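Take a moment to look over the sequence and the structure below. Then follow this report through its strands and helices.

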Amino acid sequence: MTAVELAGITKRFPGVVANHDIHLTVRKGTVHALVGENGAGKSTLMKILYGMQKPDEGTIAIHGEQVSFSSPADAIVRGIGMVHQHFMLADNLTVLENVVLGSEKLYGIGAKARRKIKELSERYGLGVRPDVLVEELGVAARQRVEILKVLYRGATTLILDEPTAVLVPQEVDALFDNLRELRAEGLSVIFISHKLGEVLSVADEITVIRRGTTVGTAVPAETTPRQLAELMVGSELPTPQTAESTVTDRAVITVEALRLAAPGGKALLDDITFTIHEGEILGIAGVEGNGQTELVDALIGLRQADSGVIRLADEEITAWPTRKRREQGIGYIPEDRHRHGLLLEAPLWENRILGHVTEKPNAKGIWLDPKAAQEDTRRIVETYDVRTPGIDVTAASLSGGNQQKLIVGREMTHKPRFLIAAHPTRGVDVGAQAAIWDHIREARREGLAVLLISADLDELIGLSDTLRVIYDGKLVADADPATITPEELGTAMTGAAEGHLEHDETPETPADLSKSAGSPEDEAR
Amino acid sequence: MKKFDKERALLTVAGPVIALAVAFVLSAIVLLASGKNPVEPFALMFEQAGFSDIQVLIINQASMYYIAALAVAIGFRMNLFNIGVDGQYQLGAMMAAVVGAHAALPAFLQVPLLLLTAVLTGAFWAGIAGVLKVTRGVSEVVATIMLNAIATSLIVYMWKPDVFGVKIGNNNTTGEMHESGWIPGIGMGEAGEIYGLVVLAVLLGIGYWITLNRTRFGFDLRASGASESAAAASGVSPKRMVLTALLLSGAIAGLAGLPILLGDTHTYSLNFPTGIGFLGIGIALLGRNSPVGIAFAALLWAWLDKASPELDFHGYDKEIAVIMQGLIVLSVVVSYEAVREWGLRRQQRKVGAELTAGHVLGANNTTKEVAGR
């Protein structure tokens with residue numbers, strides 16, 4: 001009995017084919033994992049199944065019956081429920097209120113609804129208390145509320161979008177127990193992830209998606225992590241390995257005892273101290289929200305640190321405004337390119353000026369030099385392979401990867417001494433990813449110092465010369481990228497390990513196969 | 001890529017044209033609903049535009065509208081809503097009138113002195129709102145509305161005979177300005193005189209365009225308007241930019257009343273035109289903050305003003321022009337947003353199509369990109 005069957009799904013976005021000829025069959029009463037790299041097209045596919053996007057081609061069948069969804073409401077009626085990566089809960093309402101919100105007609109808003117919630121909670125072992133305010137709940141409990149919300153609406157197929165991204169290992173285990181309960185009750189679960197260890201431990205079947213299309217299916221019992229990893233990244237296996245060390249002893253950026261507190265007094269950054277030398281890439285690993293954004297803001301000058309010193313070469317720049325920092329050679333690839341890197345409704349050549357309006361070739365004295373800026377935009381577009389029909393189109397009309405290549409090109413053109421690269425390849429396709437790595441590596445050879453922040457541990461380990469782990473605003477651990485594995489790094493990111501991380505030699509995880517090839521035990525630890 | 005340029009030009013024109021068409025139709029419906037001929041008033045008003053004396057009136061009036069609208073537009077370009085242009089120009093004109101009545105320098109010094117007085121007064125008055133916003137986070141909308149009210153009271157105070165006022169009959173004035181501060185008009189024979197300061201309006205328009213499009217400062221200002229966060233990351237100091245933009249807006253606003261002051265009335269009296277600052281908001285909207293667009297919009301507004309009195313002689317209410325101005329502003333807001341959305345989407349689609357067809361700048365490689373969303 002199939003719960004969900006997708007056949008030949010194709011979805012095109014401007015300049016991009018996000019999904020191409022996708023086939024996915026989910027059997028009833030199973031946990032089906034959908035794995036693939038960031039940007040492989042998993043989210044788009046799930047949005048199609050949940051009725052948020054309409055496919056350009058292909059068919060969707062639910063319990064053998066062909067359907068066409070024009071909104072999530074249609075999908076919910078058919079028993080499809082989605083637990084989003086970012087929770088959609090109102091903090092100032094109780095669990096009960098959150099659950100009934102929008103579905104008041106089902107069981108009312110009073111005793112009957114409360115009974116239903118308790119019943120569901122007990123049946124699936126969710127441990128949800130209906131009368132607690134959501135703001136008092138932790139991340140894992142909120143996630144269980146989201147799951148309950150979906151069950152309350154009568155879902156028989158649950159889509160979980162990267163549910164473990166926000167959880168610590170113990171919570172992951174608990175979540176997996178919940179999923180097994182759901183499965184035992186005959187519900188189907190689609191579990192989206194790019195963490196192979198988790199997938200192998202919880203899924204009954206696995207479908208691998210790469211560059212927008214399904215490339216194969218696997219059964220965990222017959223599959224090794226390595227085989228899965230190869231399916232996931234394809235034969236190209238782009239590795240972000242940097243060949244030989246180019247680190248010198250000339251310090252470019254020195255940060256001493258940097259501290260930044262939130263208005264309430266909680267330290268967002270606490271005693272941050274590091275030095276990056278010419279030709280060195282310092283990687284910062286950490287679960288998002290542990291101070292990375294604040295660190296970048298403090299370095300580029302968007303926020304003033306409460307105390308501490310930042311030095312660029314020999315000059316103290318702690319009090320410098322952003323513009324002066326950028327003029328003096330700090331390059332910036334922002335975490336959120338739409339908010340901090342681009343003017344979406346402005347043409348490409350104006351975006352090329354952004355951030356470097358006082359520098360050549362964009363300006364002569366106080367005057368802009370549009371001709372020269374346009375000329376140089378054309379050069380960037382060609383050199384950095386930005387796919388665009390021209391430089392007068394708005395930045396909004398380019399795909400994310402091409403926007404990112406434009407930003408990288410712009411920043412590199414000004415020959416920075418120090419580059420802040422926050423998630424430089426997030427949402428970028430594999431080809432562009434390799435190109436961006438190449439550009440960073442090349443600049444590093446010429447003496448660039450880089451602060452690399454990334455959620456992609458393979459990228460961090462592969463590119464960095466030095467690794468530090470940030471946890472709760474502090475740099476708690478350091479590691480040698482030549483020997484460390486993503487799993488070991490992952491442990492430190494939860495705050496479970498401190499100091500210098502030593503690599504435990506285990507035969508099945510050689511350092512060069514860092515592409516998520518860890519064993520499930522490692523991952524679930 | 002000329003194609004995209006042409007398209008942008010088309011989109012720029014489409015917004016106002018749609019808005020005007022809708023406004024005309026709606027006004028006709030209003031006329032029809034009140035049992036009047038829906039076409040004749042427009043015919044009468046168009047006819048008025050053909051008379052040379054009306055044309056002079058329109059140009060004179062438009063010059064003040066234009067300056068006021070430029071002041072509003074500067075704010076709009078960085079998402080600041082300076083509603084205080086009204087207070088700023090009245091106070092600017094008042095101070096210029098007072099200085100003009102008490103200082104008696106030769107013309108080549110007197111005129112710049114008066115202009116400078118108006119500029120500084122306007123900038124100062126807007127600057128109060130700027131400082132409040134930057135230091136205390138007070139919305140400039142609220143602050144400038146309040147400052148308008150204060151400006152009105154201040155003007156009444158200055159009209160008192162023991163301050164700067166001179167009573168002429170029932171009228172409060174600031175006394176006649178010295179003749180060295182008068183600016184001669186451009187004679188049009190029978191039709192009247194065009195204010196000399198119409199030239200100033202044109203120069204301000206040119207300066208506005210150059211500043212915004214050809215200077216670093218203008219780029220920073222536009223970037224701040226397009227995305228505050230991206231501008232800050234690019235090195236613009238948001239607070240300084242807010243203050244500068246408001247000062248600049250106020251400085252220009254201060255000049256809006258001068259064409260009539262130096263060209264005709266030579267005193268600031270009860271008859272001095274009011275409300276120009278508010279009209280400037282609608283005009284800047286209609287003109288899409290572009291110096292050429294605002295010029296057309298200002299002329300249109302002035303035409304509605306100056307051609308409508310004729311309606312009273314033909315059994316229509318001249319207020320139909322005011323209704324029409326209101327309807328234009330309404331339809332402008334709706335149609336611009338719709339056209340903008342539509343244009344953005346259309347361009348995204350076209351870029352996608354171009355890329356799929358392999359029209360990639362500087363590359364003969366036609367492989368498609370595959371990436372997730």
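How many of the six residues of strand E9 (residues 205-210) of chain A are buried? Five of them are, so E9(A) is largely enclosed by the rest of the structure. Keep in mind that this is a predicted model.

**Around E9 of chain A**

E9(A) has partners. Strand E3 (residues 31-35) of chain A runs parallel to E9(A), and four bridges join the two. Within that pair, A:Leu34 has A:Thr207 as its bridge partner. Strand E10 (residues 213-218) of chain A also joins E9(A), through five bridges, but runs antiparallel. E9(A) and E10(A) form a hairpin with two residues between the strands. In this hairpin A:Arg211 takes a positive phi near 45°.

Strands of a sheet pair through backbone hydrogen bonds, either parallel or antiparallel.

**A covered strand: E7 of chain A**

Strand E7 (residues 157-161) of chain A is mostly covered, with five of its five residues buried. Its side chains split into two groups. A:Thr157, A:Ile159 and A:Asp161 point one way, while A:Leu158 and A:Leu160 point the other way. All of these residues are buried.

E7(A) pairs with strand E6 (residues 80-83) of chain A in parallel, over four bridges. A:Ile80 stands opposite A:Thr157 there. E7(A) also pairs with strand E8 (residues 188-193) of chain A, again in the parallel sense, over five bridges. In E8(A), A:Phe191 is the bridge partner of A:Leu160.

| Strand pair (chain A) | Sense | Bridges |
|---|---|---|
| E3 and E9 | parallel | four bridges |
| E9 and E10 | antiparallel | five bridges |
| E6 and E7 | parallel | four bridges |
| E7 and E8 | parallel | five bridges |
| E13 and E20 | parallel | four bridges |
| E11 and E14 | antiparallel | five bridges |

**The seven-stranded sheet**

Chain A has an open sheet of seven strands, in the order E16-E19-E20-E13-E21-E22-E23, with mixed pairing. Which strands lie at its edges? They are strand E16 (330-333) and strand E23 (499-501) of chain A, and each pairs on one side only. From one strand to the next, the twist averages 25°.

Look inside this sheet. Strand E13 (residues 281-285) of chain A and strand E20 (residues 449-453) of chain A are parallel, with four bridges between them. A:Leu282 has A:Leu451 in E20(A) as its bridge partner.

Helix H10 (residues 292-300) of chain A packs on this sheet. H10(A) touches E13, E16, strand E19 (418-422), E20 and strand E21 (466-471) of chain A. The direction of H10(A) makes about 150° with that of E19(A). Another helix, H15 (residues 400-413) of chain A, lies across E16 and E19 of chain A. H15(A) runs at about 180° to E16(A).

A:Glu256 has A:Val309 as its bridge partner in E14(A).

Is H10(A) mostly covered or mostly open? H10(A) is mostly covered: eight of its nine residues are buried. Among the buried residues are A:Glu294, A:Leu295, A:Asp297 and A:Ile300. Just after H10(A), A:Gly301 takes a positive phi of about 95°.

**Two helices in chain B**

Helix H7 (residues 198-214) and helix H8 (residues 216-226) of chain B pack at an angle of about 75°, with their axes 5 Å apart. That angle makes H7(B) roughly perpendicular to H8(B). The contact holds three nonpolar, three polar and two charged residues. From H7(B) come B:Thr211, B:Leu212, B:Asn213 and B:Arg214. They meet B:Phe217, B:Gly218, B:Leu221 and B:Arg222 in H8(B).

**Confidence**

The model scores ipTM 0.81 and pTM 0.73. Chain B has a mean pLDDT of 86, and 94% of its residues reach 70 or more. Over residues 363-373 of chain B, however, pLDDT stays under 50. Where pLDDT is low, the predicted coordinates should not be read in detail.

Key
Residues numbered from 1 in each chain as written. Chains lettered and ligands numbered in written order. Predicted model: local features only at pLDDT ≥ 70, side-chain atom pairs only at ≥ 80, totals over all residues. Buried ≥ 20, exposed ≤ 12 C-beta atoms within 10 Å, placed from the backbone. Pairing = 2+ DSSP bridges. Axes fitted to C-alpha atoms, helices over the stretch in contact; angles between N-to-C directions. Parallel < 35°, antiparallel > 145°, perpendicular 65-115°, else oblique. Contact = placed C-beta atoms within 7 Å. Nonpolar A, V, L, I, M, F, W, Y, C, P; charged D, E, K, R; others polar. pLDDT = per-residue confidence, 0-100.
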